[in-house]
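This note sets out several local features for a colleague's attention.

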Amino acid sequence: MAFVTKARISLILLLCLVDRNGCERTGPFNPAEALVKAKNAAAGKLGPDVKTFNVLDYGAKADGKTDSSINFIRTFKAACNFRGNAMMVIPKGDFLIGPIIFQGPCFNPSSLIIQANGIVKAQADLSYFTGGADDTDWITFQSIKGLILSGTGTFHGQGAKAWKYNDCAHKSHCVRLAANFKFNKVNDAIINGINSIDPKGFHIMVTVCQNFRLLNLKLQAPGDSPNTDGIHISKSTVVKIAHCVIGTGDDCVSMIHGSIDISVNKVICGPGHGFSVGSLGHYDDEADVNKIVVTNSSLTDTTNGVRIKTYKTDSPSKASSIFFTDLIMNRVKNPIIIDQEYGNRRSTQTSKVSISDVRFVNIKGTSISKVAVQFLCSKSNPCEGIQMNNIDLQYVGPPRDQQPFESNCTNAKVSYIGLQNPPPCR
């Protein structure tokens, strides 16, 4: 499609003209303390030492019609440059903004707070988003150490008009559409309580981040909206996701190359494609994935439950120490799956991604597929150290032929402990 050409005003503002190290918050990150601060901000209980910067005071219009992009940027710049504790406020009201980049580093001695209680809508016209996959998402936070984004606000990507232009289902190398949020090189952060609706692409991207918490979020998009992953993580360490409700058109949580020490706890997923490690092996020189834990969560009416997927390419990497524990499946199509033929099943090439030390523990519920457990591993790199411990799934799909309710395993070394329903691979 040829989009209407519009001149796009650059909204990237450099905030520090001094040495970078002089701008950033110092001292260790205390997640518990930061969460208390986020809750106090939501309750309006911050002390007098915190200066507030309200977008209305910088010219933003809460009419839902006037583009307030530059006003949001100016507010953020003032808060970020303030040499004391600061909070940017998006009050109740309807705001309209195009793609913006909140660029750090900041001068604040403690985490910069952004309190969002209003409804913020993206420009629906795709001609505003012409920078490509890496240049134009909707709201980007970049190079910030110490961030608290909190509140009851809603961020609406107005993606419905854009989804028909998404071709990623047919092309392995496609240009993705704008994510509602992108966090790039943001360390020591808590995102708490906000809502994301109908992004053009992903809801939330977390890349090259460390010490990152996503708590009490509600992410919503129709089940048939393409590539609207809930939380998409890459090249990041120590990311914790908890108490979130995610219903979308793709993976509820996806963890790709370079994801290390990721925790998903007490997340309600559905509709969507479940919890996914991968796709892996998509790019050259991918970093390994390890220390992934998905626990105490439920999936309802999802295409997949828990999945590891890799492409059949020559790109070698490792995925290890992956634990899926204490999960409930409700009418899930593919509850447990490892797929190392993702993307191009006809190719004679094999995946060079090595998968090992993967545990499925205390998983119960219902499947609408007769094959509830499927391990389709690489011939050249068989899956090793796969453990199945107390699996109790029941078939609730439509009546079919006499095909048994079963597990299928190819090129996988699997051990079993406790109850196994469906029965173990033969």
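Which residues do ring pairs link into a cluster? The points below begin with the answer; the model is a predicted one.

1. Aromatic cluster. Phe76, Phe102, Trp138, Phe141, Phe155, Phe181, Phe183 and Phe212 are joined into a cluster through ring pairs. The structure as a whole holds 13 aromatic pairs. One of them is formed by Phe76 and Phe102, whose ring centres lie 4.6 Å apart with 25 degrees between the planes, a stacked arrangement. Phe76 and Phe102 are both buried.

2. Phe181 counts as buried because its relative accessibility is 1%. Phe183 has a relative accessible area of 0% and is therefore buried.

3. Charges over rings. The charged end of Lys51 is placed over the ring of Phe53, at 5.4 Å from the ring centre. A further case involves Lys370, whose charged end sits over the ring of Tyr395 at 5.1 Å from the centre.

4. Cis peptide bonds. Gly278 and Ser279 are joined by a cis peptide bond with omega of about 20 degrees. Ser279 is part of strand E19, which covers residues 275-280. Another cis peptide bond joins Asn421 to Pro422, and here omega is about 10 degrees. Pro422 is located in the segment that comes after strand E28 (412-421).

5. Positive phi at Val238. Val238 is not a glycine, yet its phi is positive, near 55 degrees. The residue lies in strand E16, residues 237-247. Is Val238 buried or exposed? Its relative accessible area is 18%, and the cut-off for burial is under 20%, so Val238 is buried.

6. Positive phi at Asn390. Asn390, likewise a residue other than glycine, has a positive phi near 55 degrees. Its place is in strand E26, residues 383-395. With a relative accessible area of 32%, Asn390 is partly exposed, because that class covers values between the 20% and 50% limits.

Conventions. Residues are numbered from 1 along each chain as its sequence is written. This is a predicted model: local features need pLDDT of at least 70, side-chain atom pairs count only at pLDDT 80 or more; totals for chains, interfaces and linings use all residues. Side-chain values use heavy atoms; hydrogens and water are left out. Helices (H or I, at least four residues) and strands (E, at least two) are DSSP runs, numbered from the N terminus. Buried means under 20% relative accessible area, exposed over 50%, partly exposed in between (1.4 Å probe, protein chains only). Rings of Phe, Tyr and Trp (its six-membered ring) pair if their centres lie within 6.5 Å; planes under 30 degrees apart count as stacked, over 60 as edge-to-face and the rest as tilted. A charge sits over a ring if NZ of Lys or CZ of Arg is within 6 Å of the ring centre and within 35 degrees of the ring normal.
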